[in-house]
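Have a look at it first.

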Amino acid sequence: MMNFTQNFKLTLRRMSRKWNIYAVASMIFLIPTILSTILSLVANSISLYKTSASSTSLMMIVMCYAMGLLSDNMIIENQIDINLMRRTMLQIMPYIIASAVVLLLAVFVALPGAYYFIRVARKENASIGQALKLWLKSVPVSCLTALLTFLWGLLFILPGIIKGIAYSQALNIKADNPEYSAMECVRRSNEMMNGRKGKYFLLFLIHSVLLVVIRYGLEYILSYLVVLIMAFMPVIGMLSIIIFSSVIPTLLTLVLNVYYTAFKNTSLAIFYEDAKRSYVDDIEQTLRNVHENGGREDSNPFDGNTSGGSQDPFGN
């Protein structure tokens with residue numbers, strides 16, 4: 001299989017001169033995430049404007065006070081208006097609940113996104129409309145993968161991570177073979193990732209680290225600019241502080257996230273193509289060994305079907 005440098009170089013070649021097109025496609029598949037982020041941003045802005053505390057800090061303070069972890073003396077000493085915080089929390093709760101509900105809709109676009117970027121990785125004509133036709137078939141695979149990963153995670157964190165990686169190609173397999181059941185996609189993903197989990201984990205880790213560096217690096221730069229603005233403009237209002245410290249960083253982060261997600265998804269689709277070729281090579285080598293050892297030529301230990309020679313186990 002190709003290394004990370006080869007994967008990134010091929011990804012850049014596949015996306016050459018079409019970054020904006022793929023970014024728009026990525027934005028469409030990220031609509032639930034974007035809407036959820038906007039709702040969270042509204043809740044955070046209201047909290048900052050009314051209490052000078054972020055929505056997360058506000059909820060933590062109110063919950064700790066309700067559970068008795070914060071005493072009245074501590075509230076008075078820190079000059080916290082707990083009644084104002086309670087009223088503000090009730091005001092932002094609809095936005096927070098709506099944000100969580102909207103985020104759940106991402107399950108419907110997981111498979112269309114996989115379908116689209118597999119076509120990008122293959123240099124085929126990628127159609128957003130064609131991809132979105134798979135929205136309903138996305139639910140069983142996504143939910144089954146999440147459920148199995150969660151159940152393995154109950155045993156311990158590490159088994160959950162390992163199985164999450166093992167099932168990571170289920171959506172890609174479903175995108176290639178819409179007729180497969182959700183369980184069949186999970187089973188084939190588990191087989192295909194045998195011996196390839198480490199490469200996928202490192203590739204995914206690199207993408208995650210790069211995204212975190214880009215996001216928090218941008219937020220650090222903008223936070224520094226806010227400090228400079230406040231130093232030279234001491235009379236700046238709270239609304240301006242919220243815009244510079246919360247709204248602008250969030251919007252810029254969304255834009256960068258859209259472009260980088262397009263790059264990441266193409267890179268992971270290229271990994272899938274590479275892993276599938278490697279998997280097929282393993283099957284062909286096994287069949288040759290069986291034939292050389294006097295076994296039946298049509299036995300396929302990975303699939304259980306007769307295949308009269310080499311055959312792509314995913315029907316391509």
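Q: How do you know that Lys123 counts as exposed?
A: Buried means under 20% relative accessible area, exposed over 50%, and partly exposed in between, with a 1.4 Å probe and protein chains only. Lys123 has 64% relative accessibility, so it counts as exposed. A word on the source: this is a predicted model, where local features need pLDDT of at least 70, side-chain atom pairs count only at pLDDT 80 or more, and totals for chains, interfaces and linings use all residues. Residues are numbered from 1 along each chain as its sequence is written, and side-chain values use heavy atoms, with hydrogens and water left out.

Q: Where is Lys123, and what is its phi?
A: Lys123 lies in the loop between H7 and helix H8 (128-132); helices are DSSP runs of H or I with at least four residues, numbered from the N terminus. Its phi is positive, about 60°, although Lys123 is not a glycine. Most residues other than glycine have a negative phi.

Q: Why is Arg17 called exposed?
A: Arg17 has a relative accessible area of 83%, so it is exposed. Arg17 sits in the loop between H1 and H2, and its phi is near 65°, a positive value in a residue other than glycine.

Q: What makes Pro178 partly exposed?
A: Its relative accessibility is 29%, so Pro178 counts as partly exposed. Pro178 is in the loop between H11 and helix H12 (182-192). The C-alpha atoms of Pro178 and Leu134 are separated by 8.2 Å, with the two residues 44 apart along the chain.

Q: Why is Cys64 called buried, and why is Cys143 called partly exposed?
A: Cys64 has a relative accessible area of 18%, so it is buried. Cys143 is at 42% relative accessibility and therefore counts as partly exposed.

Q: How many disulfides are there?
A: A disulfide is a pair of cysteine sulfur atoms within 2.5 Å. By this rule, the count is zero.

Q: Which residues make the nonpolar surface patch?
A: Patch residues have over 30% relative accessible area and no salt bridge, and nonpolar side chains (Val, Leu, Ile, Met, Phe, Trp, Tyr) are joined within 5 Å. A salt bridge is a side-chain nitrogen of Lys or Arg within 4 Å of a carboxyl oxygen of Asp or Glu. The patch covers about 1,100 Å², and among its residues are Trp152, Phe156, Ile161, Phe201 and Val213. Helix H9 (138-155), helix H10 (157-166) and helix H13 (197-232) each supply at least two residues, and H13 gives the most, with five. Phe201 is in helix H13, and with a relative accessible area of 39% it is partly exposed.

Q: What makes a space a cavity or a pocket?
A: On a 1 Å grid over the protein atoms alone, a cavity is a set of points where a 1.4 Å probe fits but cannot get out; a pocket is an open set with protein on both sides within 12 Å along at least five of seven lines, and lining residues have an atom within 4 Å of a point. By this rule there is one cavity of 30 Å³ or more. The largest cavity has a volume of about 50 Å³, and its lining includes Met1, Phe4, Lys199 and Phe271.

Q: Which residues are the closest to the centre of the largest pocket?
A: The largest pocket has a volume of about 1,000 Å³. Of its 33 lining residues, the closest to its centre are Ala110, Leu171, Lys264, Asn265 and Leu268. H14 gives the largest share of the lining, six residues.

Key: Patch = residues over 30% accessible without salt bridge, like charges linked within 9 Å, V, L, I, M, F, W, Y side chains within 5 Å. Areas by Shrake-Rupley, 256 points an atom, 1.4 Å probe, with all protein chains shown as cover. Points joined across faces, edges and corners; volume = space filled by probe spheres on them.
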